[in-house]
Amino acid sequence: MSAASRILAAAALRTTAVSVEGVPVTVREPSALDMAEFEQLRATDRAGAIAGLIHSCVLDDAGAALFSREEATAIANGS
């Protein structure tokens with residue numbers, strides 16, 4: 001395996017299943033782009049920054065975002 005292949009394999013985002021009040025949910029670690037967006041928003045829109053991570057990292061069974069941006073914002077705001 002080439003060095004590039006090994007690095008790409010190591011950079012693959014990990015996912016795990018967690019239980020939220022008995023409901024299984026898949027979460028993935030944030031990508032570098034997710035974190036860049038979070039850092040950019042954090043100082044001026046903390047709820048928006050957290051909502052972005054929720055939207056990007058909480059997945060449905062098909063691997064798509066489980067929550068819309070609006071739903072993720074409501075969660076981030078504690079609604």
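## Elements and model

Helices here are DSSP runs of H or I with at least four residues, strands are runs of E with at least two, and both are numbered from the N terminus. With that naming, E29 lies in the loop between β2 and α2. The model is predicted.

## Helices α2 and α3

Helix α2 covers residues 32-42 and helix α3 covers residues 46-57. They pack at an angle of about 165°, and their axes are 7 Å apart. An angle over 145 degrees counts as roughly antiparallel, and α2 and α3 are therefore roughly antiparallel to each other. The crossing of α2 past α3 is right-handed. On the α2 side, the contact is made by D34, M35, E37, F38, L41 and R42. On the α3 side, R46, G48, A49, I50, G52, L53, S56 and C57 take part. By class, this contact of α2 with α3 holds seven nonpolar, three polar and four charged residues.

L41 is a residue of helix α2. Is L41 buried, exposed or partly exposed? L41 has a relative accessible area of 25%, so it is partly exposed. Not counting residues up to four places away in sequence, L41 touches R46, G48 and A49. L41 and G52 are eleven residues apart along the chain, and their C-alpha atoms are separated by 9.3 Å.

## Helices α3 and α4

Helix α4 spans residues 69-76. It packs with α3 at an angle of about 125°, with the axes 8 Å apart. The two helices, α3 and α4, are therefore oblique to each other. As α3 passes α4, the crossing is right-handed. From α3 the contact takes A47, G48, I50, A51, G52, I54 and H55, and from α4 it takes R69, A72, T73, I75 and A76. The residues of this contact of α3 with α4 divide into seven nonpolar, four polar and one charged.

I50 belongs to helix α3. It is listed in the contact with α2 and also in the contact with α4. Leaving aside neighbours within four places in sequence, I50 is in contact with F38 and A76. Its relative accessible area is 30%, so I50 is partly exposed.

## The nonpolar core

Which residues form the largest nonpolar core? It has five residues: V25, A51, I54, V58 and A72. In soluble globular proteins, nonpolar side chains tend to be buried together.

## Two loop residues

E21 sits in the loop between β1 (15-20) and β2 (23-28). With a relative accessible area of 82%, E21 is exposed. Its phi is near 50°, a positive value in a residue other than glycine. Most residues other than glycine have a negative phi.

E29, in the loop between β2 and α2, counts as partly exposed at 25% relative accessibility. Apart from its neighbours within four places in sequence, E29 is in contact with A12, L13, R14 and C57. E29 and S56 are 27 residues apart along the chain, and their C-alpha atoms are separated by 9.2 Å.

Notes: Residues numbered from 1 in each chain as written. Predicted model: local features only at pLDDT ≥ 70, side-chain atom pairs only at ≥ 80, totals over all residues. Heavy atoms only, no water. Axes fitted to C-alpha atoms, helices over the stretch in contact; angles between N-to-C directions. Parallel < 35°, antiparallel > 145°, perpendicular 65-115°, else oblique. Left-handed = near helix turned anticlockwise from the far one by under 90°. Contact = heavy atoms within 4.5 Å. Nonpolar A, V, L, I, M, F, W, Y, C, P; charged D, E, K, R; others polar. Buried < 20%, exposed > 50% of the residue type's maximum accessible area, 1.4 Å probe, protein only. Core = buried A, V, L, I, M, F, W, Y, C linked by side-chain atoms within 4.5 Å.
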